[in-house]
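This report describes a single protein chain from its overall dimensions down to selected residues. Please keep the sequence and the structure in view while reading.

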Amino acid sequence: MTDRAAAGLFDLTGKVALVTGASRGIGRELALGLAGQGADVVVNYASAADRAQAVVAEIEALGRRAVAIRADVSQPEDAQRLADEAKAAMGRIDILVNNAGIVLPANAEDQDFADWRRTMAVNLDGVFLVTQAVGRHMIAAGGGSVISIGSMSGRIVNWPFRHAAYNVSKAGVHMLTKALATEWAEHGIRVNAIAPGYIRTELTDAVLKEHPDVVRDHWAKGAVQNRIGETRELVSACVYLAADSASFTTGEIITVDGGLTLR
């Protein structure tokens, strides 16, 4: 393979990506990473319109098209509207990144059922609803790539924080990934997931500020690399799964955790 051909494996020029929960954190980084490889991007957000517009401006500064669309992924009508408006605005959807998610820690015996349901609604139902809606467009178009952000918490019970609902929701995302990969292969659609370990975001910065011992003694030391990750370290996996480089990869859960789940 020539250098030019190898470089083209990761070229997303002419592709359109929809990234949910893209106004900050991991979603923002993935949206910018895809744009950096040539993709036009639909930036989904739930409430932070100003942040979403800032991401749109950053993508446009890279020379790519971008649009922000507000939608609550946990609501069927919103999920369908998001897919339809994204398609209308950009003409197509080639790549879907299901990133939107929440975590509401609680001891299992004290877990409020409303919080349990809200976790499932956003983290699992939202992935299904948006993927279903976008999937219909991809089936009609003859192909696409779906990438869901799962978690190492879908594989292990990470400690010391207690969030059974989050763990279960992410395990569900992993199995949904495998099920849809099997069903939609005949339509030329690849469905994969990324399972991050502890990644530094605004949310983890809050934990770092309040519980530095937890981050130092549990999160960082749990990984064989002895640190937590940066959002940018998830971009390459996302680009790989989105591009032709992963043309023979589907139903996979790529773990990016600094080796935490090795031991």
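How many residues does helix 3 have, and what distance does it reach from its first C-alpha to its last? Helix 3 has 13 residues and reaches 18 Å between those two atoms, close to the 18 Å expected at 1.5 Å a residue. The model examined here is a predicted one.

## Helix 3 and its surroundings

The buried residues of helix 3 include Ala52, Val55, Val56 and Ile59. Viewed down the helix axis, the buried residues of helix 3 fall within an arc of 105 degrees, so they line one face of the helix. An α-helix has 3.6 residues a turn, so residues three or four places apart point the same way. On the other side of helix 3, Asp50 and Ala61 are exposed. The cover over the buried residues of helix 3 includes helix 2, strand 2 and strand 3. After helix 3 comes Gly63, which has a positive phi near 90 degrees.

Helix 3 (residues 49-61) also belongs to a right-handed β-α-β unit, together with strand 2 and strand 3. Strand 2 (residues 40-45) and strand 3 (residues 66-70) run parallel and are joined by five bridges. Within this pairing, Val43 has Ala68 of strand 3 as its bridge partner.

Ser23 is placed in the loop between strand 1 (16-19) and helix 2 (25-36). Is Ser23 buried or exposed? Ser23 counts as buried, because its relative accessibility is 14%, and the limit for a buried residue is under 20%. Not counting residues up to four places away in sequence, Ser23 touches Arg28, Val43, Asn44, Tyr45, Ala48, Arg51, Ala52 and Val55. Among these contacts, Ala52 and Val55 are buried residues of helix 3, and Val43 is the residue whose bridge partner in strand 3 is Ala68.

| Pair | Sense | Bridges | Partner residues |
|---|---|---|---|
| Strand 1 and strand 4 | parallel | three | Ala17 and Ile95 |

Which way do the residues of strand 4 point? Ile95 and Val97 point one way, Leu96 and Asn98 point the other way, and all are buried. In a regular strand the side chains alternate between the two faces of the sheet.

Helix 5 (residues 113-141) contains Thr131. Thr131 counts as buried because its relative accessibility is 1%. Leaving out residues up to four places away in sequence, Thr131 touches Leu96, Asn98, Val146, Leu180 and Trp184. Of these, Leu96 and Asn98 are buried residues of strand 4 that point the same way from that strand.

## Two loop positions

Gly101 lies in the loop between strand 4 and helix 5. Gly101 is partly exposed, because its relative accessible area is 44%. Apart from neighbours within four places in sequence, Gly101 is in contact with Val122 and Asn123. Gly101 and Gly259 are 158 residues apart in sequence and 23 Å apart in space, C-alpha to C-alpha.

Asn226 is found in the loop between helix 8 (212-222) and strand 8 (229-230). Although Asn226 is not a glycine, it has a positive phi of about 60 degrees. Most residues other than glycine have a negative phi.

## The protein as a whole

The protein has nine helices and nine strands. Its radius of gyration is 18 Å, close to the 18 Å that the globule rule gives for 263 residues, so the protein is as compact as a globular protein of that length. Taken along the principal axes, the C-alpha atoms fill a box of roughly 45 × 45 × 40 Å.

What share of the 263 residues counts as buried? The buried share is 49%. Among contacts between residues at least 6 apart in sequence, 74% join residues at least 24 apart.

How values were computed
Residues are numbered from 1 along each chain as its sequence is written. This is a predicted model: local features need pLDDT of at least 70, side-chain atom pairs count only at pLDDT 80 or more; totals for chains, interfaces and linings use all residues. Side-chain values use heavy atoms; hydrogens and water are left out. Two strands pair if DSSP finds at least two bridges between them. Helices (H or I, at least four residues) and strands (E, at least two) are DSSP runs, numbered from the N terminus. A crossover is right-handed if, with the strands pointing away from the viewer, the path from the first strand over the helix to the second runs clockwise. Buried means under 20% relative accessible area, exposed over 50%, partly exposed in between (1.4 Å probe, protein chains only). Contact means heavy atoms within 4.5 Å. The expected span of a helix is 1.5 Å times one less than its number of residues. The arc is that of the directions from the helix axis to the C-beta atoms. The radius of gyration is taken over C-alpha atoms; the globule rule is 2.2 Å times the number of residues to the power 0.38.
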